[in-house]
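Please examine the sequence and the structure shown below. The paragraphs that follow lead through the model one site at a time.

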Amino acid sequence: MSTILAVAQRGESILTLKAAEVARTELNSPWLKELAAAMYATMLERNGVGIAAPQVYVSKRVIIVASRPNLRYPDAPEMDALVMVNPEILEKSELTILGEEGCLSVPNERGQVARAETIKLRYFTLDGVGVEMTLSGFPARIVQHEVDHLDGVLFIDRT
Ligand code: ZN
């Protein structure tokens, strides 16, 4: 039922823009839920563990984080996919860890990127509920990678 969307590729200007905040009036709206469902389907189809709205040509601050073990990340912890609207990283640990990253928008390239081991973040659910959480390790890496997309930054800019 969910649409598979085209994924923007490195070099396209949508990937370099700072995405706009989702307005309060857009929370809990059908279009936001449809966007998230289509992002989720697209992420799964590409065997990704995360996706950001600008990657599907929507310059809005929406990401999905879906850590799970897969071919590329056999050691990833399994967690339910989280849709995060207007995610904000509030704190980053001083400790950083180098880890391999790839990106649906940067095919056939991997790179070692230093990311904070632990982050505290705040976001809204699709329904507009505010959530604060602390994440460590691979899920924290995914959030940092996806929030970078909202600010027009690709992992290759950090290697
Ligand atoms: Zn990416």
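Along the chain, the donors of the zinc ion follow the spacing C-x41-H-x3-H. The pair Cys103 and His145 links distant parts of the chain, 42 residues apart: Cys103 belongs to strand β4 (residues 96-103) and His145 to helix α2 (residues 137-150). Helices (H or I, at least four residues) and strands (E, at least two) are DSSP runs, numbered from the N terminus. The protein donors are Cys103 through SG, His145 through NE2 and His149 through NE2, and they lie 2.0 to 2.3 Å from the zinc ion. Donors are N, O and S atoms within 2.8 Å of the metal (3.2 Å for Na, K and Ca); water is not among the atoms, so sites may look incomplete. An α-helix has 3.6 residues a turn, so residues three or four places apart point the same way. Both Cys103 and His145 are buried, where buried means under 20% relative accessible area, exposed over 50%, and partly exposed in between (1.4 Å probe, protein chains only).

The model is predicted: local features need pLDDT of at least 70, side-chain atom pairs count only at pLDDT 80 or more, and totals for chains, interfaces and linings use all residues. Residues are numbered from 1 along each chain as its sequence is written, and side-chain values use heavy atoms, with hydrogens and water left out.

Helix α2 itself deserves attention. It has 14 residues and reaches 21 Å from its first C-alpha to its last, close to the 20 Å expected at 1.5 Å a residue; the expected span is 1.5 Å times one less than the number of residues. Of the 14 residues of α2, 13 are buried. Just after α2, Gly152 takes a positive phi of about 80 degrees.

Which side chain is joined to that of Asp148 by a polar contact of 2.9 Å? The partner is Arg115, found in strand β5 (residues 106-116). A polar contact is a pair of N or O atoms within 3.5 Å; within protein, one must be able to donate a hydrogen and the other to accept it, and residues adjacent in sequence count only if both atoms are side-chain atoms. Arg115 counts as buried because its relative accessibility is 4%.

The structure also holds one cavity of 30 Å³ or more. A cavity is a set of points, on a 1 Å grid over the protein atoms alone, where a 1.4 Å probe fits but cannot get out, and lining residues have an atom within 4 Å of a point. The largest cavity contains about 160 Å³ of space. Its lining comprises 17 residues, and Val49, Tyr73, Gly102, His145 and Glu146 lie nearest its centre. Helix α2 gives the most to this lining, with six residues.

Two residues elsewhere concern the backbone. Most residues other than glycine have a negative phi. Asn28, although not a glycine, has a positive phi of about 65 degrees, and its place is in the segment before α1 (30-45). Tyr57, also not a glycine, has a positive phi of about 70 degrees and sits in the loop between β1 (50-52) and β2 (62-65). Asn28 counts as partly exposed because its relative accessibility is 44%; Tyr57 is partly exposed, with a relative accessible area of 40%.

Finally, Asp127 is found in the loop between β6 (118-124) and β7 (130-136). Asp127 and Leu27 are 100 residues apart in sequence, and their C-alpha atoms are 5.9 Å apart in space.

Notes. On a 1 Å grid over the protein atoms alone, a cavity is a set of points where a 1.4 Å probe fits but cannot get out, and a pocket is an open set with protein on both sides within 12 Å along at least five of seven lines; lining residues have an atom within 4 Å of a point. Grid points are joined across faces, edges and corners, and a volume is the space filled by probe spheres set on the points.
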